[in-house]
Amino acid sequence: AKRIDCDLRKFAETDLRNLSICDRIKSNIFFKKRYENMIEASKLKAGMTFETADGKLIRVLEASHHKPGKGNTIMRMKLRDVRTGSTFDTSYRPEEKFEQAIIETVPAQYLYKMDDTAYFMNTETYDQYEIPVANVENELLYILENSEVKIQFYGSEVIGVTVPTTVELTVAETQPSIKGATVTGSGKPATMETGLVVNVPDFIEAGQKLIINTAEGTYVSRA
């Protein structure tokens, strides 16, 4: 069988009447894949990525249902343009559909940051990747040099980084601990070595290592 080597996405804006039989078969593959990947706005959740009609790759940061008075329910969302790093708020009708992006990952190591670029290395192939800091600004708050992460790919395009669900970071600065304080207290802000600010129990002191939940940016426990 002859291998089909073709960018199926070109068929999105092609007049099928002008295609050869072979190309029509490949176009059917494209539209079938596109249909299978469609998802309603009501099912979009934080962490998901989708593609808009104009080709923008968007990641969901926050999503919630909202019913304004007697009006119809809408989906309120905080989104981030994966390629530019810009964030914005918008709303969609629950039944609106988008093409869900299939994101693949590879194991990697965070090397360092220089100016507006973060550098990573694939730990299997040793390939290095350069990602604009604006695209991974939040993720960099949870990792140190040599930290293990996963690089996200959309096709052959590097689009971001996945950090572990929990990380260990050292407290760089916080108010002095309060004698007799307990976990149930109101807590206090603490700045971690990466610049991340989290609310911690009053008994936590500068220099201590803490376990941090990266999904919520919250204190879990002392390391």
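Mentor: Two residues are in contact when heavy atoms of theirs lie within 4.5 Å. Keep in mind that this model is predicted.

Trainee: With which residues is Glu139 in contact, leaving aside its neighbours within four places in sequence?

Mentor: With that exclusion, the contacts of Glu139 are Arg80, Val161 and Val163. Glu139 itself sits in the loop between β9 (128–132) and β10 (148–154).

Trainee: Why is Glu139 called buried?

Mentor: Buried means under 20% relative accessible area. Glu139 has 11% relative accessibility, and therefore counts as buried.

Trainee: What makes Glu145 exposed?

Mentor: Exposed means over 50%. Glu145 has a relative accessibility of 52%, so the word exposed applies. The loop between β9 and β10 holds Glu145.

Trainee: How do you know where the chain brings Glu145 and Leu111 together, and what separates their C-alpha atoms?

Mentor: These two residues are 34 residues apart along the chain, and their C-alpha atoms are separated by 5.2 Å. Glu145 is also in contact with Tyr110, Leu111 and Tyr112, once neighbours within four places in sequence are left aside.

Trainee: Why is Thr117 counted as buried?

Mentor: The relative accessible area of Thr117 is 15%, and the limit for buried is under 20%, so Thr117 is buried. Thr117 belongs to strand β8 (residues 117–122). Not counting residues up to four places away in sequence, Thr117 touches Tyr112, Glu130, Ile131 and Val133.

Trainee: What makes the pair Thr117 and Asp116 a polar contact?

Mentor: A polar contact needs N or O atoms within 3.5 Å, and residues adjacent in sequence count only if both atoms are side-chain atoms. The contact runs from the side chain of Thr117 to the side chain of Asp116, at 3.4 Å. Therefore the pair passes on distance and on atom type.

Trainee: What is noted about the phi of Asp115 and of Tyr126?

Mentor: Asp115 has a positive phi of about 55 degrees although it is not a glycine. Tyr126, also a residue other than glycine, has a positive phi near 70 degrees. Asp115 lies in the loop between β7 and β8, while Tyr126 lies in the loop between β8 and β9.

Trainee: Why do Asp115 and Tyr126 count as exposed?

Mentor: The threshold is over 50%. Asp115 has 72% relative accessibility, so Asp115 is exposed. Tyr126 has 58%, so Tyr126 is exposed too.

Trainee: Which residues have the most contacts inside the largest nonpolar core?

Mentor: They are Ala118, Phe120, Leu140, Ile143, Val149, Ile151 and Val161, in a core of 15 residues. β7 (104–114), β8, β9 and β10 each give two or more residues to this core. The largest share, 3 residues, comes from β10. Apart from this core lies another, of 14 residues, among them Leu196, Val198, Val200 and Tyr219.

Trainee: Which residues lie nearest the centre of the largest pocket?

Mentor: Leu61, Asn138, Glu139, Thr214 and Ala215 do, out of 26 lining residues. The space in this pocket is about 800 Å³.

Trainee: Which strand gives the most to the lining of the largest pocket?

Mentor: β3 does, with 4 residues. The strands β3 (57–66), β4 (74–81) and β11 (157–162) each supply at least two lining residues. By class, the lining has 10 nonpolar, 10 polar and 6 charged residues.

Notes:
Residues are numbered from 1 along each chain as its sequence is written. This is a predicted model: local features need pLDDT of at least 70, side-chain atom pairs count only at pLDDT 80 or more; totals for chains, interfaces and linings use all residues. Side-chain values use heavy atoms; hydrogens and water are left out. Buried means under 20% relative accessible area, exposed over 50%, partly exposed in between (1.4 Å probe, protein chains only). A polar contact is a pair of N or O atoms within 3.5 Å; within protein, one must be able to donate a hydrogen and the other to accept it, and residues adjacent in sequence count only if both atoms are side-chain atoms. A nonpolar core is a set of buried Ala, Val, Leu, Ile, Met, Phe, Trp, Tyr and Cys residues joined through side-chain atoms within 4.5 Å. On a 1 Å grid over the protein atoms alone, a cavity is a set of points where a 1.4 Å probe fits but cannot get out, and a pocket is an open set with protein on both sides within 12 Å along at least five of seven lines; lining residues have an atom within 4 Å of a point. Grid points are joined across faces, edges and corners, and a volume is the space filled by probe spheres set on the points. Ala, Val, Leu, Ile, Met, Phe, Trp, Tyr, Cys and Pro count as nonpolar, Asp, Glu, Lys and Arg as charged, and the others, Gly among them, as polar.
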